[in-house]
Amino acid sequence: MKILNVKQIRELDAATIQNEPISSLNLMERASQAFVKWYEGRFDTTKSISVFCGKGNNGGDGLAISRILSGKGYHVRVFVIEYTKDASEDFQQNLVKIENLIQVKSVYEINAMPEFVDDHVIIDALLGSGLSRPAEGLLAEVIKKINDAPGPIISVDIASGLYVDKSNEKADTIIEPDHTVTFQLPKLAFMMPQNAAFTGDWHVVDIGLNEKYIADASTPYHFTDQSSGEALVKFREKFSHKGTFGHALIMAGSYGKIGAAVLSSRACAHSGAGLLTVHVPECGYEILQISLPEAMISVDQNRNYIASVPELDSFSAIGIGPGIGQEALTVRVLDELLSKIKVPLIIDADALNILSKHPDLLEKLPAKTIVSPHPKEFQRLAGESANEYDRLELARNFAQKHNVIICLKGAYTAVILSDGDVHFNSTGNAGMATGGSGDVLTGILTSLLAQKYTPENAAIFGVFQHGLAGDKAAKKKTKTAMIASDIIDNLGW
Ligand SMILES: NC(=O)C1=CN([C@@H]2O[C@H](COP(=O)(O)OP(=O)(O)OC[C@H]3O[C@@H](n4cnc5c(N)ncnc54)[C@H](O)[C@@H]3O)[C@@H](O)[C@H]2O)[C@@H](O)CC1
Ligand SMILES: Nc1ncnc2c1ncn2[C@@H]1O[C@H](COP(=O)(O)OP(=O)(O)O)[C@@H](O)[C@H]1O
Ligand SMILES: [K+]
């Protein structure tokens with residue numbers, strides 16, 4: 001699924017109006033119907049509704065939604081916030097359509113706002129994708145008042161005051177909805193942790209916008225939803241054998257952190273690799289052998305941390321990093337590995353921290369190496385950013401400059417390809433914010449690389465499956481009780 005910028009969204013609306021063809025008023029009606037269909041599935045007519053409308057097309061949606069909901073037996077109060085004399089054409093037409101049906105109250109100053117005594121539902125249709133500057137004056141006062149109300153808030157298309165595709169300032173006044181019901185495509189703003197309070201749970205409703213325009217639109221931003229994630233799976237052929245699925249090598253663990261080696265290795269084995277060898281310091285030998293009899297163990301000559309690179313000839317992909325520490329000899333191992341490696345590579349955790357401290361090693365990264373930092377590791381690697389939009393730009397530049405693939409982990413993990421394209425992941429949950437979840441991802445990615453998934457597909461699909469397994473784990477155990485091993489136990493496709 002593509003994520004488009006504001007200019008493209010406007011062009012998409014225009015392309016739909018021109019090519020279908022459909023009048024913009026009827027398109028607004030269709031969008032409002034789609035909103036109402038979503039609404040009916042959530043709230044019955046026992047809850048009263050207050051709809052707050054601006055005077056652009058988002059406000060026009062608000063008026064049409066009010067009319068349709070009222071026709072379906074909901075008790076609806078409608079308020080138009082008079083922050084300007086100008087109103088869009090479709091807003092004016094919808095005002096005419098509603099006037100004989102429901103009383104519309106004009107709000108010229110904040111004292112004319114209703115008191116919210118009970119927890120009825122608030123629909124926010126003040127400003128949509130047309131936001132061109134921060135909300136101020138009466139609009140800002142109204143937004144603050146709505147945010148203080150007890151009932152649930154549902155934003156039409158996007159929370160009023162939130163930019164679709166660029167960062168707001170911290171001081172901006174923005175609606176804090178419980179739900180956002182957005183039209184046709186997810187918005188870049190929804191992917192940013194800094195906007196968590198301004199999106200709530202968001203839902204995309206289909207309003208039949210022009211498919212050709214979407215297919216042709218050029219954008220670096222994509223969203224890996226269920227169908228685009230599942231489309232990447234490589235099915236196992238009937239006559240395949242373990243040689244078909246590659247031989248993965250995982251280099252992980254140090255004294256006290258052998259668990260990281262166990263988790264990444266188990267995840268690798270459970271993600272389809274034909275064969276798996278785990279290279280661990282001597283102290284990890286028995287632990288690994290017992291916890292994962294399916295793996296072969298390559299034992300380092302050093303007792304407590306990895307100090308040598310094993311013979312690499314037989315491996316089809318390598319993952320390094322979980323729990324390896326940053327001893328001087330381990331730094332040398334990473335250096336030597338980067339010089340010798342001829343197969344796809346994934347670098348995580350301590351191996352990333354080593355890269356941060358030895359930036360000269362960055363120059364040695366083979367093309368299309370996958371790196372999987374969490375935000376802190378990325379900051380160590382690439383430096384600070386003023387906000388998350390800048391961080392994403394920094395990551396896109398970093399991926400292009402070093403010709404690597406970055407999995408920038410977190411909610412909506414951003415998989416950034418070496419051409420700068422970004423694929424936000426749809427799966428996963430806050431239950432995965434628990435020690436070892438990242439090690440599990442390293443194992444999955446190593447496994448997929450060994451099975452000859454392209455590095456791009458390995459990263460997008462691996463992150464998707466990791467989150468999906470996390471979602472299944474959370475369902476069975478709850479987000480609180482689940483641990484990283486539960487993610488492994490729910491792998492499988
Ligand atoms: N045919 C279409 O174009 C469709 C548009 N739709 C709705 O239209 C919305 C976009 O509508 P508009 O482009 O009219 O824009 P908005 O309704 O978001 O904004 C209205 C106007 O307010 C002005 N404005 C921007 N920021 C302001 C601020 N901080 N204070 C005061 N005024 C401000 C702008 O000049 C803009 O024209 C979408 O979010 C969606 O809800 C939907 O009805 C689907 C179809
Ligand atoms: N709130 C969240 N929503 C979705 N996924 C999350 C969330 N928090 C963490 N995760 C996922 O869990 C993993 C945590 O990785 P990482 O921070 O490296 O943990 P660790 O170092 O403990 O293994 C990442 O894949 C990340 O995307
Ligand atoms: K809105």
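Predicted model: local features only at pLDDT ≥ 70, side-chain atom pairs only at ≥ 80, totals over all residues.
Helices here are DSSP runs of H or I with at least four residues and strands are runs of E with at least two, both numbered from the N terminus. Residues are numbered from 1 along each chain as its sequence is written, and chains are lettered from A and ligands numbered from 1 in the order in which they are written.

**Overall layout**

- Along the principal axes, the C-alpha atoms of the chain fill a box of roughly 85 × 45 × 40 Å.
- Domain 1 covers 6-217 and domain 2 covers 230-489, with bounds that come from an automatic or database domain assignment.
- The centres of the two domains, taken over C-alpha atoms, are 42 Å apart.
- Where they meet, 6 residues of domain 1 are in contact with 7 residues of domain 2; contact means that the C-beta atoms of two residues, placed from the backbone, lie within 7 Å.
- The side of domain 1 that touches domain 2 has 3 nonpolar, 2 polar and 1 charged residues. In this scheme Ala, Val, Leu, Ile, Met, Phe, Trp, Tyr, Cys and Pro are nonpolar, Asp, Glu, Lys and Arg are charged, and the others, Gly among them, are polar.
- Of the 493 residues in the chain, 49% count as buried. Buried means that 20 or more other C-beta atoms lie within 10 Å of a residue's own, exposed means 12 or fewer, and partly exposed lies in between, with C-beta atoms placed from the backbone.
- Among contacts with a separation of 6 or more, 72% come from residues 24 or more positions apart.

**Around ligand 1**

- Ligand 1 is surrounded by 26 residues, and the closest are Gly56, Asn57, Asn58, Gly128 and Gly130; a residue qualifies if its C-beta atom, placed from the backbone, lies within 6 Å of the molecule.
- The shell around ligand 1 has 11 nonpolar, 11 polar and 4 charged residues, and H2 and H3 each supply at least two residues of it.
- An unreviewed UniProt entry places the feature "binding site" at Asn58, Asp124 and Ser160. These positions are spread over 103 residues of sequence, yet their largest C-alpha distance is 9.2 Å.
- UniProt positions follow the numbering used here with feature names shortened, and annotations may be inferred rather than shown by experiment.
- Asn58 is buried, with 25 other C-beta atoms within 10 Å. Leaving aside neighbours within four places in sequence, its contacts include Ala125, Gly128 and Asp157.
- Ser160, found in the loop between strand E5 (153-156) and strand E6 (179-183), is buried with 29 other C-beta atoms within 10 Å.
- Beyond neighbours within four places in sequence, Ser160 is in contact with residues including Asp124, Leu126 and Ile175.

**Around ligand 2**

- Of the 17 residues around ligand 2, Ala411, Gly428, Ala433, Ser437 and Gly438 come nearest.
- The shell around ligand 2 divides into 5 nonpolar, 10 polar and 2 charged residues, and helix H14 (residues 437-450) gives the most to it, with 4 residues.
- From an unreviewed UniProt entry, a "binding site" feature falls at Lys409, Gly410, Ala411, Tyr412, Thr413 and Gly438. They span 30 residues in sequence, but no two of their C-alpha atoms are more than 14.2 Å apart, so they gather at one spot.
- Lys409 sits in the loop between strand E15 (405-408) and strand E16 (414-416), and counts as buried with 25 C-beta neighbours inside 10 Å.
- Not counting residues up to four places away in sequence, Lys409 touches Ser372, Pro373, His374 and Gly438.
- Gly438, in helix H14, is buried with 24 other C-beta atoms within 10 Å.

**A helix with a buried side**

- Which residues of helix H4 (residues 89-99) are buried? They are Asp90, Phe91, Asn94 and Ile98.
- These residues cover an arc of only 100 degrees around the axis, which puts them on the same side of H4; the arc is that of the directions from the helix axis to the C-beta atoms.
- The face of H4 turned away from the buried side carries the exposed residues Glu89, Val96 and Glu99.
- The buried residues of H4 pack against helix H2 (24-40), helix H3 (57-71), strand E2 (76-81) and strand E3 (104-107).
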